[in-house]
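Could you walk me through this model, from its helices to its charged and aromatic pairs? I would like to follow it side by side with the sequence.

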Amino acid sequence: MATAQQIVKSLNTPANVREDMLLIFSSFDNRLSNITDLIDDDERKARSKLDAAEQVIMRWDSSRTALPSWCDCPEDAVDYLTAVDEVLDLLDDLSFKDASIEAVDRAETAVQVAMTRLEEEFRHILTRNTVPLDAERLYGSIRRVSLSFVGNEGEIIDDEFESFGEVDSARDSGYFHERGVSLGDDICVDLINPDAVGELREIADRMIRSGYEKECVQVYSSVRREVLDECLAILGVEKLSIEEVQRIEWKVLDEKMKKWVQAVKIGVRVLLTGEKRLCDQIFSTSDSAREICFNENAKGCIMQLLNFGEAVAIGRRSSEKLFRILDMYDVLSVVIPDLEMMVTDGFLCGEAKGVLSGLGEAAKGTFSEFQSAVQNEASRKPMLSGEIHPLTRYVMNYVKLVVDYSHTLNSLFAESDEDESSGGSGSHTDDGEENATPISRRVLALLSILESNLEEKSKLYEDGAMHYIFLMNNILYIVQKVKDSELIKVVGDQWVRKRRGQIRQYATSYLRAAWSRALSCLKDEGIGGSSGSASRVALKERFKSFNAWFEDIYRVQTGWKVPDPQLREELRISISEKVIPAYRAFLGRFGSHLESGKHSGKYIKFTPEDLENYVPDLFEGTPLVIHHLRRKS
């Protein structure tokens, strides 16, 4: 009897088929005719289970009673889920379905009521157990690479260069460019209280089993999308249209771009990774629900980030944006592989790659704009003391950062360089960089443009000597910036040697332009013969002329500035070696002709030692007037 009963139950057949089976069994043994009573007993038990489960479910019917929280009464939650399982098991039993239409209707109604209740509880648990994003902890985990960029020293020469100046970190505070972010691989955050994940999974399992997967997915997605939007807001990412982004002034936009870089890495590597883990845990029994939920939530988060990236990529190109754009390009290129591994939505990954391509084009275009801006910068106001021009500071600090992004820029420029002829990059061959990388060629071309511009600016000085002081100061500054940074690997030692040779030539030209007239006063020609027969009148004029030239040079060139101490000292030594011996010799040959006469001090104002004392005052940037000179002598 037990065996026959088990056969009938295990076959889970409809009632008419079951009756035929019972007749067959009865034909074998009359005792099996009593099996009908046993089957009826099973039906009574099923109805009893339905009654008990229905009572539990209806007691929680939200249309009739207030909805208590399962968090406050976990035992009731277990009873409720057990009741739902009982009803679902009955509905899975074909024999139950065929037994009574009224019983099946009751079971299906109970399931509908239960699903409404579970949907509300699912939403409640999701909302109540959301863990707020701890931005401070995440920011504390971000390793920043800070590179000094520009300060506030020096004259601002043009709107294009208005944010740039000196960056010597020893004496300048000012603007710092924080290069990108680096996020530790071990960063993991709980987006939902871990204790609630099990409850959510239990509810999701029942809803999916009952055919309410769509409703469950909709609730989950609506709640989690709002949470991810709030997380982006905490990270400083606002919902802005392309037009709104393009109207933002640079200082504000710079801050938003910096926050965007942080948000992209945190968003993909922390938020979406955590969201993926959460979807896998809650919807472990349904691949489709797991995929839909994550793709929908990731899409909203990523598209908000990509919209900003696109707005930047198509915005106005100006030189100060380059490094932020490169930061954006770098971080997006880093997270796209992570995104492709998590998201099965090809459209979303395609959009991300499209924005990446746009940022790459923007970076290349911005660099070209910068190069043109340097070439076309035509300020006509010379530096008063012959000092380093703001344009020089701007360009050198700019290219130092450019080199820091060499890897990215080389990859961006490599494709476009393949289409260019070898003659198009000839700007580097003079310096022996025949195998230069794309960015090396561009840096060398940029430095050449800068040197040409400085040469033009040096012509603004009416004083020829100051022309060479200006060139020495600026070329030396360029050389020092190259030697003290990664730029030396880009331009090479030969380039540096060539510029040092230029500086030496400028120093020789300076001595000729500044001191040739003073030194011409110390020549023997034109004073009427040898030291014994020299004309006193001619000697007086020579000494007076030398005094005047020296005093004028002293007055003017003490106001000139040579910032580099070594160059300043080398120039003073060259002056001393050229002027003082000539003066000492001339004074030794002809000084006695005037020392015996009246007012000799009117003509012989200086001893060679006096000149040695005055020369160190040159190039300090503080003009010294003539009465100061006399007092010193």
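Helix α4 covers residues 74-92, and its 19 residues should span 27 Å at 1.5 Å a residue, which agrees with the 27 Å between its end C-alpha atoms. The expected span here is 1.5 Å times one less than the number of residues. Helices are DSSP runs of H or I with at least four residues, strands are runs of E with at least two, and both are numbered from the N terminus. The buried residues of α4 are Ala77, Tyr80, Leu81, Ala83, Val84, Val87, Leu88, Leu90 and Leu91. Buried stands for under 20% relative accessible area, exposed for over 50%, and partly exposed for what lies in between, using a 1.4 Å probe and protein chains only.

Please keep in mind that this is a predicted model, in which local features need pLDDT of at least 70 and side-chain atom pairs count only at pLDDT 80 or more, while totals for chains, interfaces and linings use all residues. Residues are numbered from 1 along each chain as its sequence is written, and side-chain values use heavy atoms, with hydrogens and water left out.

How confident is the predictor along the chain, on the pLDDT scale from 0 to 100? The chain averages a pLDDT of 82, and 76% of the residues score at least 70. Over residues 143-160 the pLDDT is below 50, and this stretch has 65 contacts in the model beyond near neighbours in sequence. A contact means heavy atoms within 4.5 Å. Residues 421-429 also have pLDDT under 50, and there the model has 8 contacts beyond four places in sequence. Where pLDDT is low, the predicted coordinates should not be read in detail.

Let us turn to the charged side chains. The structure holds 31 salt bridges, each defined as a side-chain nitrogen of Lys or Arg within 4 Å of a carboxyl oxygen of Asp or Glu. Arginine 324 and aspartate 327 form one of them, at 3.4 Å from N to O. These two residues are 3 apart in helix α13 (residues 322-342), so about one helical turn separates them. Arginine 324 is buried at 3% relative accessible area, and aspartate 327 is buried at 4%.

Another salt bridge joins glutamate 451 and arginine 499, whose closest N and O atoms are 2.8 Å apart. Because glutamate 451 lies in helix α17 (residues 438-458) and arginine 499 in helix α20 (residues 493-520), the pair ties together parts that are 48 residues apart in sequence. Both glutamate 451 and arginine 499 are buried.

Arginine 584 and glutamate 612 also form a salt bridge, with 3.5 Å between the closest N and O atoms. Arginine 584 sits in helix α22 (residues 565-595) and glutamate 612 in helix α24, so this pair ties together parts that are 28 residues apart in sequence. Arginine 584 is partly exposed at 37%, and glutamate 612 is partly exposed at 38%. Salt bridges with shared partners also join Asp85, Asp89, Asp92, Glu202, Arg206 and Arg209 into one network.

Which aromatic rings pair up? A search of the whole structure finds 22 aromatic pairs. Rings of Phe, Tyr and Trp (its six-membered ring) pair if their centres lie within 6.5 Å; planes under 30 degrees apart count as stacked, over 60 as edge-to-face and the rest as tilted. Phenylalanine 122 and tyrosine 220 make a tilted pair, 6.5 Å centre to centre with 40° between the planes. That pair links distant parts of the chain, with phenylalanine 122 in helix α6 (residues 101-128) and tyrosine 220 in helix α9 (residues 213-234), 98 residues apart. Phenylalanine 122 is buried at 0%, and tyrosine 220 is buried at 0%.

Tyrosine 461 and phenylalanine 470 form a tilted pair as well, at 5.3 Å centre to centre and 50° between the planes. Tyrosine 461 is buried at 10%, and phenylalanine 470 is buried at 1%. Ring pairs also link Trp515, Phe546, Phe550, Tyr554, Tyr583, Phe606 and Tyr614 into a cluster.

Finally, have a look at one loop. Phenylalanine 619 is found between α24 (608-614) and α25 (626-632). This residue has a positive phi of about 70° although it is not a glycine, and phenylalanine 619 is buried, with a relative accessible area of 0%.
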